[in-house]
Amino acid sequence: METLKNHPTIAETTTFLKTDKITVRYGNTVALQDVTLYIPANRVTVLIGPSGCGKSTTLRCLNALVKPLSGHIEYHDLPTQALGETDLRRSMGYAIQSVGLMPHMTVEENVDLVPKLLGWRKNSRTERVSRLLKLVRMDPDVYRNKYPDELSGGEAQRVGVARALGADPPVLLMDEPFGAVDPLTREQLQNEFIRIQRQLKKTVVFVTHDIDEAVRLADYLVIMKDGIIVQADSPEHILANPADTFVERFLGPDRSLKRLTLFTADRCMDKAISVHDSDGKENHNDDTSCCHWVVDKNGCPVSGRAWIQGKFVERQINSDTHTVQTYSSLKECMSSILSLGLTAAPVVDDDGRLCGEVRFETIQRISIS
Ligand code: ADP
């Protein structure tokens with residue numbers, strides 16, 4: 001198994017954007033008070049805190065929708081010609097909870113919005129829309145000509161992400177982008193986000209009020225309260241060393257369980273042993289840490305076998321509840337192990353084929369390390 005790495009480190013990158021002591025007021029309300037924030041390039045910065053603590057205002061300052069009363073914003077790596085307000089906004093993809101798709105435009109027209117405004121050539125735009133829809137796992141032939149009201153909540157969020165990526169902006173600002181969907185769809189969208197970010201390595205600033213989502217997605221976690229930053233560090237460090245009782249309470253009592261959301265299955269999995277249905281238990285040695293997986297002709301797992309406390313156990317696999325994806329968290333793996341009643345969780349690829357297993361003993365080792 002490769003050495004366990006979860007989030008890429010902040011130390012190995014540069015600052016992309018910086019807010020320098022920015023203060024924002026709305027009438028008598030102080031929304032932000034002297035906020036200094038270094039946003040690392042090619043990493044995911046997550047802003048989290050109770051409602052009204054200033055997360056969205058911080059995002060709006062970054063793309064100049066809100067002007068700070070004092071302090072300023074430094075754009076280190078954006079080309080200087082992009083510093084006019086309109087160009088600045090176009091260089092930052094923006095995805096929001098309500099998605100904000102234009103109802104009278106098709107999926108294609110929505111995704112194409114910014115590239116068209118930027119005057120890109122039609123041929124390259126058509127190709128780009130197809131590529132972006134595939135990236136968010138939507139078949140262009142099926143979805144290109146649909147209108148937003150023909151999409152489910154999860155599909156609309158995917159189109160929202162594709163649109164934010166439309167002009168290949170260096171920065172992505174995401175304000176509760178997965179806030180309006182059910183928990184299962186939300187978990188899938190998070191898995192997709194991790195996959196896309198590993199591929200594209202954008203500088204992302206992501207707002208959420210869901211601590212599990214924050215710990216899962218953040219390379220750099222920024223905890224805010226009443227318009228100030230209370231703690232900013234890697235999620236791993238914050239989970240291990242909360243700065244004060246507010247952060248401790250905010251993280252909740254299950255910090256060791258939350259730690260499991262830091263890791264994805266692909267980074268912790270071992271090789272899976274696949275067998276044929278006809279192979280009996282006599283072919284299965286009693287190494288209790290691993291399972292034998294019976295696969296069908298396509299390589300998809302149908303049942304799992306293990307020796308548990310001296311007894312041979314076989315369980316049928318329901319692909320909806322028992323298998324995990326390569327980008328699932330260790331928490332999801334743990335849930336699969338418990339519901340399956342075996343010593344490992346089967347990991348499947350995009351086509352549902354067995355590609356590894358995450359063992360209980362691995363999870364145990366990580367949770368106490
Ligand atoms: P969060 O995103 O963390 O929920 P916001 O940044 O939206 O917080 O808001 C910070 C504070 O500023 C809150 O007290 C909110 O009520 C106030 N606020 C935000 N936008 C406006 C506005 N346009 N007019 C007046 N007050 C606002």
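Domain bounds here come from an automatic or database domain assignment. The structure is a predicted model, with residues numbered from 1 along each chain as its sequence is written. Local features need pLDDT of at least 70, side-chain atom pairs count only at pLDDT 80 or more, totals for chains, interfaces and linings use all residues, and side-chain values use heavy atoms, with hydrogens and water left out.

**View 1. The chain is divided into two parts, domain 1 (4–252) and domain 2 (266–368).**
The C-alpha centres of domain 1 and domain 2 lie 35 Å apart. Contact means heavy atoms within 4.5 Å. By that rule, 11 residues of domain 1 are in contact with 11 residues of domain 2.

**View 2. The largest nonpolar core has 58 residues.**
A nonpolar core is a set of buried Ala, Val, Leu, Ile, Met, Phe, Trp, Tyr and Cys residues joined through side-chain atoms within 4.5 Å. Buried means under 20% relative accessible area, exposed over 50%, and partly exposed in between (1.4 Å probe, protein chains only). Phe206, Leu221 and Leu330 touch the most other members of the core. Helix H7 (residues 153–164) gives the most to this core, with 5 residues. Helices (H or I, at least four residues) and strands (E, at least two) are DSSP runs, numbered from the N terminus. Domain 1 (4–252) and domain 2 (266–368) both give residues to this core, so the core lies between them. In soluble globular proteins, nonpolar side chains tend to be buried together.

**View 3. Phe206 is shown with its contacts.**
Which residues is Phe206 in contact with, leaving aside neighbours within four places in sequence? Val44, Thr45, Val46 and Leu47 are among them. Others include Met174, Pro177, Phe178 and Phe193. Glu213 and Leu217 are also in contact with Phe206.

**View 4. Thr58 lies in helix H1 (residues 55–62).**
Is Thr58 buried or exposed? At 1% relative accessibility, Thr58 counts as buried. Thr58 touches Leu32, Leu37, Leu47 and Met224, not counting residues up to four places away in sequence.

A salt bridge is a side-chain nitrogen of Lys or Arg within 4 Å of a carboxyl oxygen of Asp or Glu. Glu85 is partly exposed, with a relative accessible area of 37%. Arg89 is also partly exposed, at 29% relative accessibility. A search of the whole structure finds 20 salt bridges.

**View 5. The side chains of Arg137 and Asp350 meet in a salt bridge.**
Their N to O distance is 3.0 Å. Arg137 lies in the loop between helix H5 (122–135) and helix H6 (140–143). Asp350 lies in the loop between strand E15 (344–348) and strand E16 (354–359). The pair therefore ties together parts that are 213 residues apart in sequence. Arg137 is partly exposed, with a relative accessible area of 37%. Asp350 counts as exposed, at 54% relative accessibility. A network of salt bridges links Arg137, Arg158, Glu192, Arg195 and Asp350.

**View 6. Asp349 and Arg353 form a salt bridge through their side chains.**
The N to O distance is 3.4 Å. Arg353 is partly exposed, with a relative accessible area of 37%.

**View 7. Strands E14, E15 and E16 form an open sheet in that order.**
The pairing in this sheet of 3 strands is mixed. Two strands pair if DSSP finds at least two bridges between them. The edge strands are E14 (324–325) and E16, and each pairs on one side only. E14 and E15 pair in the parallel sense over 2 bridges. Val324 has Val347, in E15, as its bridge partner. Strands of a sheet pair through backbone hydrogen bonds, either parallel or antiparallel.

**View 8. Cys53 and Cys355 are shown with the cysteines closest to them.**
A disulfide is a pair of cysteine sulfur atoms within 2.5 Å. How many disulfides does this rule give? The count comes to 0. Cys53 is in no disulfide, and the nearest cysteine sulfur, that of Cys61, is 13 Å away. Cys53 counts as buried, at 2% relative accessibility. The sulfur of Cys355 is 11 Å from the closest cysteine sulfur, in Cys333, too far for a bond. Cys355 is partly exposed, with a relative accessible area of 31%.
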